[in-house]
Amino acid sequence: FLLADDSPRREGANGIVANSLHPGIVTTNLVRYSVPDLIQSKRDLAKERESFAGQIAAKAGIRNPDEGCKTTVWLATAKEAGEVNG
């Protein structure tokens, strides 16, 4: 995050744009070390979305891998993201 904040200040006159993001908690197999119950193979997404706990998890930013990559892909490919710093 610090690089994304500092690069435009130093190099903005040269057209350098920098952005950073945190995708939230994405239930990939990397999560198995910190929250083992959230790994994708243990989740029933359809049932989870209907439950109160599942709705709270979605609001808290817990996402499956498909949902978790959307912001990263958008940031890497969207023309408007390349026109602003953040």
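Me: What makes up the lining of the largest pocket, by class of residue?

Reply: In this predicted model, the lining holds 4 nonpolar, 3 polar and 5 charged residues, where Ala, Val, Leu, Ile, Met, Phe, Trp, Tyr, Cys and Pro count as nonpolar, Asp, Glu, Lys and Arg as charged, and the others, Gly among them, as polar. Among the lining residues are R43, E48 and R49, together with G54, Q55 and I62; by that rule Arg and Glu are charged, Gly is polar and Ile is nonpolar.

Me: Why is a space called a pocket, and what makes a residue part of its lining?

Reply: On a 1 Å grid over the protein atoms alone, a pocket is an open set of points where a 1.4 Å probe fits, with protein on both sides within 12 Å along at least five of seven lines, and a residue belongs to the lining because it has an atom within 4 Å of a point. The largest pocket has about 150 Å³ of space, a volume being the space filled by probe spheres set on the points, which are joined across faces, edges and corners.

Me: Which helix gives the most to that lining?

Reply: Helix 3 does, with 4 residues, while helix 2 (45-50), helix 3 (52-59) and strand 2 (62-63) each supply at least two. Helices (H or I, at least four residues) and strands (E, at least two) are DSSP runs numbered from the N terminus, and the chain has 4 helices and 2 strands.

Me: What does V84 touch beyond its neighbours within four places in sequence?

Reply: V84, in the segment after helix 4 (65-77), is in contact (heavy atoms within 4.5 Å) with V17, A18 and N19. V84 and N19 are 65 residues apart in sequence, yet 7.9 Å apart in space, C-alpha to C-alpha.

Me: How do you know where confidence is lowest and where it is highest?

Reply: The predictor gives each residue a confidence from 0 to 100, called pLDDT; the mean is lowest in helix 1 (residues 2-11), at 66, and highest in helix 4, at 88. Over the chain the mean is 76, and 81% of residues reach 70 or more. Where pLDDT is low, the predicted coordinates should not be read in detail.

Me: How are residues numbered, and what are the limits on the values?

Reply: Numbering starts from 1 along each chain as its sequence is written, and side-chain values use heavy atoms, with hydrogens and water left out. Local features need pLDDT of at least 70 and side-chain atom pairs count only at 80 or more, whereas totals for chains, interfaces and linings use all residues.
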